[in-house]
Amino acid sequence: MAAMATVPSYTPSLWVRMCHALPRLDLNMQMKDNIFVPDSWEYQQTLLVLSSLSAIALVISLLVVLSFLIHYCCCHRGDRSEGSEEEEEDEDGSTGHGYSGKKGRGIYCVTWMAVASVTLCCVAIGIGFYGNSEANDGMYQLTSSLLTANYTLASIDLLITDTISGLQLSVSGPLTSMEELFTGSKPFLTSTRNCRRLSDNVINLLSSISLARSGIDAGLGNDSISGASIIPLTPAPPSVAPTLVPSSGLMPSPFSPGWAANTLMVNEDYRWLSYVLLLLLDLIVCLFILLGLAKQARWLLILMTVLAWLALFLSWGSLGLETATVVALSDFCTDPNIFVLNSTNFNTGTSSDVLDYYLTCSRRMNSPFQQVMTQSQRALSNIHTHLSNLDRNALTQFPKAEKSLREVQQILNSTEGNFHQLVALLNCRGLNKDYIDSLKGLCYDGMEGLLYLSLYSFLSALAFTAILCSLPGAWRSFPRTPNVSSNGNPGYESLPLTDRQSPPPSYSPSMLTGYGGGQSHPNPAHSRNLYSR
């Protein structure tokens, strides 16, 4: 005997269990349950308290940066009034940039602190790119599974609608004509009426099947049931299967996997792009801070300091959102079946037995549609038996009924083909596999990506806090160079008058001529007198 295929299963990961075990506090600092109830105000309070921890960390970062600014601005102000002897000693022992002595040691300390902070920021950026990619992969697997499930549900709707439409067509058309022809023959008329009654019974049974269908008119009195009221199905792959997109942003009732997939894809695109822009902003700030330190460009450091403040606020803010999202996702992923079974958005129009059958897909559970499908199969078999008897016995007496009988047999053959496909699609394995795949994408890759993004936000916030603390010291350690004029000579506009050197004397042409003429004929007697003294 061939081994039966194993049913895929889902088990919460270690990270999910660890995050689910975190204590929950409301605004009154009271312990709360960690059951995923997103519509409850008490549960929302616990998420607000967790996300507010990042706001507290932001305040601490601001206090740390402020303390460093006060230290550099106030405590080091007296260094400028010290004697110039220590500065001259540092400059005499320097190699051209003043990097020796006490001042040189301070410059190295500040420079390496800034470089270490920027390195930590770059590591955080790498972690952020990986986490963003993992979260995107998880959401892609989730949306793909939802689209596949939507394709299956749309196929079920289409098969049910085609079967009901075909049976109603046979009742309103060929069977009615056969009843008129067999009016004089009671046995043939009874068989024809039995076919009509069995067809109506199959229509009733198939109309009772409900799997979040898009609104099939199952009224027996309406003879115009067609596929216009459902999503049209085309032979396309599940990723491009047509889906229903409501005009409003509210979740439709009953739940539509196609609507959920489209909504998640749009939101994921915005989330992915937002994180990419944030990561690029952090990368640009880090690289240009290194460039500003290497070039000792004050204007570049001023600009990067402003952007570093912005990145600091964004890092702590994103960490708060990620913390709340991670905790809520861990609560959902711990036992997702309970949330799905208790949520009105999922169980509206669908019984809990049907949901439990597709969510668990246990071998010990029977299909909730087994009785309906068995009765429908028997009814179709009886219809086929009655039509075979009419084909053997009635056509010899009523040859005009052959055309109507062939039409009914053709509709019955098509109905039986649709019926076999419907039985396969209603099996729990297909939809349960899509459900498990969606959970793995959301709770494995998506959870891992969010944790890496949380780590990125935390490390980048620490890095930018250290950068903002070290930049004032790096600014103060830059050497002051005098202004240079256009011809390359040092200018003296910024120096005090006592430090300026006297310029060489200037002479007019007449003074130069007189001075030159007097020196061109020296007095020998005067020269002798000078040497004789």
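Is the crossing of H7 and H8 left-handed or right-handed? The tour returns to this pair after a view of the whole chain.

**The whole chain**

The model is predicted, so local features need pLDDT of at least 70 and side-chain atom pairs count only at pLDDT 80 or more, while totals for chains, interfaces and linings use all residues. Residues are numbered from 1 along each chain as its sequence is written, and side-chain values use heavy atoms, with hydrogens and water left out.

Display the chain as a cartoon: there are 16 helices and zero strands. Helices (H or I, at least four residues) and strands (E, at least two) are DSSP runs, numbered from the N terminus. Of the 533 residues in the chain, 39% are buried, where buried means under 20% relative accessible area with a 1.4 Å probe, protein chains only. Among contacts (heavy atoms within 4.5 Å) with a separation of 6 or more, 75% join residues 24 or more positions apart.

**First stop: H7 and H8**

Select residues 257–295 for helix H7 and residues 298–334 for helix H8; the two pack at an angle of about 145 degrees, with axes 9 Å apart. Axes are lines fitted to C-alpha atoms, for helices over the stretch in contact, and angles run from 0 to 180 degrees between N-to-C directions. The crossing of H7 and H8 is left-handed; that is, the near helix is turned anticlockwise from the far one by less than a right angle. Side chains to show include Tyr 275, Phe 288 and Ile 289 of H7, together with Leu 300, Met 304 and Glu 322 of H8. By class, this contact of H7 with H8 has 17 nonpolar, three polar and two charged residues. Here Ala, Val, Leu, Ile, Met, Phe, Trp, Tyr, Cys and Pro count as nonpolar, Asp, Glu, Lys and Arg as charged, and the others, Gly among them, as polar.

**Second stop: H6 and its partners**

Select H6 and H12, which pack at an angle of about 160 degrees with their axes 9 Å apart. H6 is therefore roughly antiparallel to H12, a term for angles over 145 degrees. Their crossing is left-handed. Residues that meet here include Phe 188 and Leu 198 in H6, and Val 372 and His 386 in H12. The residues of the contact of H6 with H12 divide into twelve nonpolar, nine polar and no charged.

The contact involves Leu 175, Thr 176, Met 178 and Glu 179 of H5, and residues of H6 including Arg 193 and Arg 196. The residues of the contact of H5 with H6 divide into four nonpolar, three polar and three charged.

The largest nonpolar core has 43 residues, and Phe 182, Ile 209, Tyr 358, Leu 422 and Leu 426 have the most contacts inside it. Such a core is a set of buried Ala, Val, Leu, Ile, Met, Phe, Trp, Tyr and Cys residues joined through side-chain atoms within 4.5 Å. A second, separate core of 34 residues includes Leu 58, Val 118, Met 304 and Ala 308.

Centre on Ile 209: leaving out residues up to four places away in sequence, Ile 209 touches Ile 160, Phe 369, Val 372, Met 373 and Leu 426. In H11, the buried residues are Val 354, Leu 355, Tyr 357, Tyr 358 and Leu 359. Cys 361 follows H11 and has a positive phi, near 50 degrees.

**Last stop: Leu 459**

Leu 459 lies in helix H14 and is buried, with a relative accessible area of 16%. Beyond its neighbours within four places in sequence, Leu 459 is in contact with Leu 120, Ala 124 and Ile 127.

Note on methods. Buried < 20%, exposed > 50% of the residue type's maximum accessible area, 1.4 Å probe, protein only. Parallel < 35°, antiparallel > 145°, perpendicular 65-115°, else oblique.
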